Amino acid sequence: MLTPDTEFDHRRTDRLVLRRFESDDVSSLAAYRSDPNVAQHQSWGTPFSEAQARVFIDSLGAAHPDTPGEWFQFAVVEAATGVHIGDVAAGIDADDPRLAKIGVTLAKSAQGQGYAAEALAGLLDYLFFERSKHRVTAECDTRNASSIALLERLGIRREAHHLSSAWYKGEWTDEYVYAVLASDWTNRRSLPPAAPR
Ligand SMILES: CC(C)(COP(=O)(O)OP(=O)(O)OC[C@H]1O[C@@H](n2cnc3c(N)ncnc32)[C@H](O)[C@@H]1OP(=O)(O)O)[C@@H](O)C(=O)NCCC(=O)NCCS
C-alpha cells in the first residue's frame with residue numbers, strides 16, 4: 001500500500017491501544033517528555049512544556065500514518081485504564097514508501113512491564129501485515145541499553161554500527177541500526193511468544 005492511511009483510528013494489542021493523539025494527552029505527553037531519563041537519548045530537550053506538547057499534538061491533527069516522507073506518532077494507552085503511557089512512531093521513506101523507521105517512548109512508570117515490546121510488535125504487525133512494508137529500521141544511541149535490549153528482545157537484527165554519526169545534545173554520538181524484513185517478522189510471528197525474563 002503506497003498511500004496514506006486516512007482511515008486509521010486505533011489498533012488493539014493484548015493490553016494496549018495505539019491510537020491517534022488527542023488534546024487531552026497534552027499533560028501526560030509533556031510530563032513524560034520532561035523526564036530527563038526518558039529524554040536522555042532522544043531529540044528533544046527538557047523540560048518539554050505543555051505548550052510544546054500542544055503544538056506537537058496539533059501538528060498531528062491533519063496527519064495520517066503511512067505518509068511518504070513523514071513521521072506519524074501514535075499514542076500508547078493502557079486498554080484497561082485508558083491511561084496514556086507513551087508513544088510509538090513510524091517514519092515512511094520519501095523515495096520508497098515500502099521502507100519505514102520506527103521509534104518508541106514510554107513514561108518511566110510504564111516501563112519494565114513489557115509494554116514497549118507489545119506496542120512495537122503491534123506497530124510492526126500494522127506496518128508489515130496491513131501496510132505491506134518491506135523493511136523497517138530503528139536507530140539508537142549505542143549507550144541506550146534499554147532500547148538495545150528491547151529491539152533484541154523483539155528479534156530485530158543489528159545491522160550497522162555508525163561511528164560519530166548523529167549530533168545529539170551537543171555531541172557526536174555512535175548509533176546502531178537495527179532492521180527487520182517482512183519475511184523475518186512473518187516467521188517470528190508464527191513462533192510462540194517469548195516468556196518475560
Ligand atoms: C526503550 C524503552 C521504550 C524500553 O522500555 P522497557 O519497558 O524497558 O521495555 P519492555 O516493554 O520490553 O519491557 C521489558 C521489561 O519488562 C519486563 N516485563 C514484565 N512483565 C512483562 C511481560 N508481561 N511481558 C514482557 N516483559 C515483561 C521484562 O522482564 C523486562 O524487564 P527488565 O528490563 O528488567 O529486563 C524505554 O526505556 C524508554 O521509553 N526509554 C526512553 C525513550 C527511548 O530512549 N526510546 C528509544 C529511542 S531509540
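Predicted model: local features only at pLDDT ≥ 70, side-chain atom pairs only at ≥ 80, totals over all residues.
Before I start, one term: a residue is partly exposed when its relative accessible area lies between the buried cut-off, under 20%, and the exposed cut-off, over 50%.

Overall layout, then. The protein chain has six helices and eight strands. Reading from the N terminus, the order is β-β-α-α-α-β-β-β-α-β-α-β-β-α. The radius of gyration is 16 Å, which agrees with the value near 16 Å that a compact globule of 197 residues would have. Along the principal axes, the C-alpha atoms fill a box of roughly 40 × 40 × 40 Å.

Of the 197 residues, 46% are buried. If you take contacts between residues at least 6 apart in sequence, 61% of them join residues at least 24 apart.

Next, the interior. In soluble globular proteins, nonpolar side chains tend to be buried together. Here the largest nonpolar core has 53 residues, and the members that touch the most others are Phe-74 and Leu-123. Helix 4, residues 115–130, gives this core its largest share, 11 residues. Which residues does Leu-123 contact, leaving aside its neighbours within four places in sequence? They are Leu-18, Phe-74, Val-88, Ala-89, Ala-90 and Ile-102. So the two residues with the most partners in the core, Phe-74 and Leu-123, are also in contact with each other, by the 4.5 Å cut-off.

Helix 1, residues 26–33, also has a buried side: Val-26, Leu-29, Ala-30, Tyr-32 and Arg-33 are its buried residues. Note that Arg-33 is on that list. The cover over these residues includes two helices, helix 2 (36–39) and helix 3 (50–60). It also includes strand 3 (71–78), strand 4 (84–92) and strand 5 (99–106).

Now the backbone. Most residues other than glycine have a negative phi, and most peptide bonds are trans. There are some exceptions to go through. The peptide bond from Thr-46 to Pro-47 is cis, with omega near -5°. Pro-47 sits in the loop between helix 2 and helix 3.

Ser-164 has a positive phi, near 50°, and is not a glycine. Where is Ser-164 found? It is in strand 7, residues 157–168. Its relative accessible area is 39%, so Ser-164 is partly exposed.

Lys-169 is another non-glycine residue with a positive phi, about 50°. Lys-169 belongs to the loop between strand 7 and strand 8 (171–181). With a relative accessible area of 44%, Lys-169 also counts as partly exposed.

Arg-189 is in helix 6, residues 182–189. Is Arg-189 buried or partly exposed? At 42% relative accessibility, it is partly exposed. Leaving aside neighbours within four places in sequence, Arg-189 is in contact with Ala-121, Asp-125 and Phe-129. Arg-189 and Ala-116 are 73 residues apart in sequence, and their C-alpha atoms are 17 Å apart in space.

That is what I have on this one.

How values were computed: Residues numbered from 1 in each chain as written. Heavy atoms only, no water. Helix = DSSP H or I, 4+ residues; strand = E, 2+ residues; numbered from the N terminus. Rg over C-alpha atoms; globule rule 2.2 N^0.38 Å. Buried < 20%, exposed > 50% of the residue type's maximum accessible area, 1.4 Å probe, protein only. Core = buried A, V, L, I, M, F, W, Y, C linked by side-chain atoms within 4.5 Å.
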